[in-house]
Amino acid sequence: MRDPYEVLGVPRGASASAIKSAYRKLAKKYHPDANKNDPKAAARFAELNSANEIIGDDEKRKQFDRGEIDADGKPRFQGFPGGGPGGRAGGFETHTFRTGGGFGGGGGFEDILNSMFGAGAARGGRRGSGGSTFEFDPGTIALDLDVSVSMAVSLEEAVKGAEKRVRLPNGKELNVKIPAGVVAGQQIRLKGQGESAPGHPPGDLLITVNIAPHPFFKVDGSDLRLDLPITLYEAVLGGKVRVPTLGSAVELSIPKNTSSGRIFRLKGKGLPKAGGAGDLFVTTRIMLPDGNDAELEQLMQKWRETHPYNPRSDF
């Protein structure tokens, strides 16, 4: 993945709030639900989520700035303590060590190998004719050839399943089948799709699934939460209001004299779970009309004079 600062369009010294604001603005612009006719939007959206996972998290951002992890959040190989620069897993060469008269009068080089790499390293070495020369066999050192990437899916894709395209750090692209019912943080393993090195079996591709923010719903375990805007007259007089769900919309009966913040429970309209589905909790939010309305103001002035009440009496 590209540099996460470049992806979000912020400088390295940007504040946490600036990073959060940039992410929200771009996520809204490239959300798959708002760009159904743009095949590149989903890839761009996934890249934004991956970048935000790195520099949107204070600890990961520090690790990235220090060079401890790369743009995909994968630890960088730092080399062995005291070793030279450029140590990279998979780039091991054969080195010959001569023990001479030993270290400190005892132990022998096998003991040093054992303490550094375990007994298997000394056994895997080759002893010279004089008993004082050892060579590393690269095949005895385990390499981490797994590749870890993140993929963002919409809430609907997580529930119903989908086929998505993922781009690997080496530029390779793969089609990945997302199973229905996947949850945030779940990993999908693709055998043999990781890195390769001579003499070693190929690593695996580990895909961590993230669920992108939804424009309406908030996930709460297996439940969903939704803020439902209603008019002032619907709150006072009551009425039926259409409510979106992950399936088809349903009608919700709003009782007379409903206050803003009242919560209604729609059973079984949440996320799938073992033995059924979660619920959808709908919170009413009374919205006034845009702009100034002289007639409404006069009505409220009269109401204030003839029907005063204090909703903050308990404070």
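Predicted model: local features only at pLDDT ≥ 70, side-chain atom pairs only at ≥ 80, totals over all residues.
Figure 1. Beyond the helix, α4 is followed by glycine 67. The phi angle of glycine 67 is positive, near 80°.

**Figure 2. The aromatic pair of tyrosine 5 and phenylalanine 64.** The structure holds one aromatic pair. Its members are tyrosine 5 and phenylalanine 64, whose ring centres are 6.2 Å apart. Tyrosine 5 belongs to helix α1 (residues 4–8) and phenylalanine 64 to helix α4, so the pair ties together parts of the chain that are 59 residues apart in sequence. Both tyrosine 5 and phenylalanine 64 are buried.

**Figure 3. A network of salt bridges that includes arginine 2 and arginine 44.** Four residues, Arg2, Glu6, Arg44 and Glu47, are linked by salt bridges into a network. Within this group, arginine 2 forms a salt bridge with glutamate 6, and the closest N and O atoms of the two are 3.2 Å apart. Arginine 2 has a relative accessible area of 35% and is therefore partly exposed, since this value lies between the limits of 20% and 50%. Arginine 44, another member of the network, also has its charged end over the ring of tyrosine 30. The distance from this charged end to the ring centre is 5.1 Å.

**Figure 4. The salt bridge between arginine 165 and glutamate 173.** A search of the whole structure finds 15 salt bridges. One of them joins the side chains of arginine 165 and glutamate 173, with a distance of 2.8 Å from N to O. Glutamate 173 is partly exposed, and its relative accessible area is 36%.

Figure 5. Arginine 225 takes part in a salt bridge with aspartate 220, in which the closest N and O atoms are 3.0 Å apart. Both partners are partly exposed: aspartate 220 has a relative accessible area of 37%, and arginine 225 has one of 36%. Arginine 225 also lies over the face of phenylalanine 281, at 4.7 Å from the centre of the ring.

Figure 6. Strand β16 runs over residues 280–287 and contains threonine 283. The relative accessible area of threonine 283 is 10%, which means that this residue is buried, as the limit for burial is under 20%. Which residues are in contact with threonine 283, leaving aside its neighbours within four places in sequence? They are Leu226, Asp227, Leu228, Gly261, Arg262 and Ile263.

**Figure 7. The whole chain, as a setting for the close-up views.** The chain has nine helices and 16 strands. Of its 315 residues, 31% are buried. Among contacts with a separation of 6 or more, 49% are between residues 24 or more positions apart. The chain exposes about 20100 Å², and carbon and sulfur atoms supply 51% of this area.

Key:
Residues numbered from 1 in each chain as written. Heavy atoms only, no water. Helix = DSSP H or I, 4+ residues; strand = E, 2+ residues; numbered from the N terminus. Buried < 20%, exposed > 50% of the residue type's maximum accessible area, 1.4 Å probe, protein only. Contact = heavy atoms within 4.5 Å. Areas by Shrake-Rupley, 256 points an atom, 1.4 Å probe, with all protein chains shown as cover. Phe/Tyr/Trp six-rings, centres within 6.5 Å; stacked < 30°, edge-to-face > 60°. Lys NZ or Arg CZ within 6 Å of the ring centre and 35° of its normal.
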